[in-house]
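Morning, everyone. I'll take one model today and walk through the sheet, the ligand site and the core. Have a look at it first.

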Amino acid sequence: METIFALASAQGKAGVAVIRLSGPQSHRAAKVLSGGDLPLRGMCLRELQAPDGSRLDVGLVLTFHGPSSFTGEDVAELQIHGSTASVNAVLRVLSEMPDLRLAEPGEFTRRALENGKMDLAQVEGLADLIDAETEAQRKQAQTILAGELGDLAERWRRDLIRAASLLEAVIDFADEDVPTDVSPEVRSLVNAVMADLEREAKGVRIAERIRSGFEVAIVGPPNAGKSTLLNALAGREAAITSEYAGTTRDIIEVRMDLAGLPVTLLDTAGLRETEDHVEGLGIALARKRAENADLRVFLTEDPEALGIGMQSGDIQVLPKSDLRSDGTEGVSGKTGQGIDRLIHNISVVLRDRTARSGIATRERHRVAMLKSSAALSEALRVLDSGPDLYDIAAEELRTAIRALESLVGRVDVENLLDEIFASFCLGK
Ligand SMILES: Nc1nc2c(ncn2[C@@H]2O[C@H](COP(=O)(O)OP(=O)(O)OP(=O)(O)O)[C@@H](O)[C@H]2O)c(=O)[nH]1
Ligand SMILES: [K+]
Ligand SMILES: [Mg+2]
């Protein structure tokens, strides 16, 4: 096994930079760099030296012994000053050592997977955690990283193995009198797993939204103040505003953290009948994107006039509240009046939806769970034909079990690994 190394912290200036090494030569390399023996375990402060004895930097050297390390191999970490030049100097010396090479993106984590330190779902959770920008994303990633999907899959797997073994007992003793009818217990085990699988599969859509962000479209007639509102929500001049009706034509997208939720706000063209060809194109685009968004904010007194249906959870809010003297509630992008309440109302609707997400987070998980569920439903159907077809039902159960095993990467995932690890950053 080769020893790999990489900068584990972010590129660029920082207080501290962490260089990580993993593999059989990692401790020896750290020892050569620090010019002397290292304590058997733990951490020490050392001067790091180039082969000619010149000083590279002073830093902390940490050693971990496999299998009690992130990768499961011997690991060393060098915490040095977070300077681009210091990091490059240490990386250069490492790259000149025999048997050491720069790690590929995700290679440390890949070794952790191969050494059984984490399952495939946890690897995905780790990737999500590193990408997490909002509180909702962080929490979702932590659940997966903690191994909860793996635990759930293991519970389902155990129940299905029990169901299959009940059937197999009948098959094995087909010539003898098997006193009890096993099918009620098999049915009940299978039905319970199927119900779980279907609930989890449904939650994936929401979980994916938490990962990629909810789209919230601002719609209204021209000059309602949509772009001004978008800018106020985003806290910057993302869209052009003017007194000219028909200013916005393209969709303006702003990614933001809205009360801990990842949201992409969409500003759209004002909706009206128009003779202007280009404005008409903008309006068609606005309708399409708004209808497909997760939530619409209708900035208007008359939503019906816009020709887009309000969907469940959609929010209507009156524009330019600063111009209203009648005390009605509304929002003003100009003065900021009502903005906090609008943010609150949007977050309540979205948070209510996030409560419906389960533990599974990815399309890959959904496909595996539906495949498993389809095999289970086939098993139940075959079961109706009585003990003669129990072997076929048992085979369907095994298909369902294999689909669940792919969730955590026990089977059928070789071709997936390159794709998953390619999305990792260097040094992870
Ligand atoms: N008094 C007041 N004026 C506003 C408010 N919001 C926007 N305006 C003004 O109304 C005009 C239109 O604002 P925009 O934000 O461009 O409106 P829009 O809905 O994006 O318009 P289109 O893109 O043309 O559909 C501008 O002159 C803004 O300064 C508000 O809350 N109060
Ligand atoms: K305008
Ligand atoms: Mg606009």
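Start at Phe5. Phe5 stands opposite Leu102, and Leu102 belongs to strand 6. This is a predicted model, by the way.

Now zoom out. How many strands are in this sheet, and in what order? Six, running 3-4-5-2-1-6. The sheet is open, and its pairing is mixed. At the edges sit strand 3, residues 42–49, and strand 6, residues 100–102; each pairs on one side only. From one strand to the next, the twist averages 25°.

Two helices next. Helix 1, residues 26–33, packs on the sheet and touches strands 1, 2, 3, 4, 5 and 6. Its direction makes about 35° with that of strand 5. Helix 2, residues 84–95, also packs on the sheet, touching strands 1 through 6. For helix 2 the angle is about 65°, taken against strand 4.

On to the ligand. Ligand 1 has 23 residues around it. Which come nearest? Gly225, Ser227, Thr228, Thr248 and Gly270. By class, the shell has 13 polar, five nonpolar and five charged residues.

Last, the core. The largest nonpolar core has 106 residues. Ile19, Leu160, Val216, Ile218, Val219 and Leu397 have the most contacts inside it. Helix 7, residues 183–212, gives the most to this core: 10 residues. Take Val219 as a case. Leaving aside residues up to four places away in sequence, Val219 touches, among others, Leu271, Ala286, Phe298 and Ile308. Thr268 and Arg296 are also among its contacts.

Terms used: Residues are numbered from 1 along each chain as its sequence is written. Chains are lettered from A and ligands numbered from 1 in the order in which they are written. This is a predicted model: local features need pLDDT of at least 70, side-chain atom pairs count only at pLDDT 80 or more; totals for chains, interfaces and linings use all residues. Two strands pair if DSSP finds at least two bridges between them. Helices (H or I, at least four residues) and strands (E, at least two) are DSSP runs, numbered from the N terminus. Axes are lines fitted to C-alpha atoms, for helices over the stretch in contact, and angles run from 0 to 180 degrees between N-to-C directions. Two residues are in contact if their C-beta atoms, placed from the backbone, lie within 7 Å. A residue is near a molecule or strand if its C-beta atom, placed from the backbone, lies within 6 Å of it. Ala, Val, Leu, Ile, Met, Phe, Trp, Tyr, Cys and Pro count as nonpolar, Asp, Glu, Lys and Arg as charged, and the others, Gly among them, as polar. A nonpolar core is a set of buried Ala, Val, Leu, Ile, Met, Phe, Trp, Tyr and Cys residues joined through C-beta atoms within 7 Å. A residue is buried if 20 or more other C-beta atoms lie within 10 Å of its own, exposed if 12 or fewer, and partly exposed in between; C-beta atoms are placed from the backbone.
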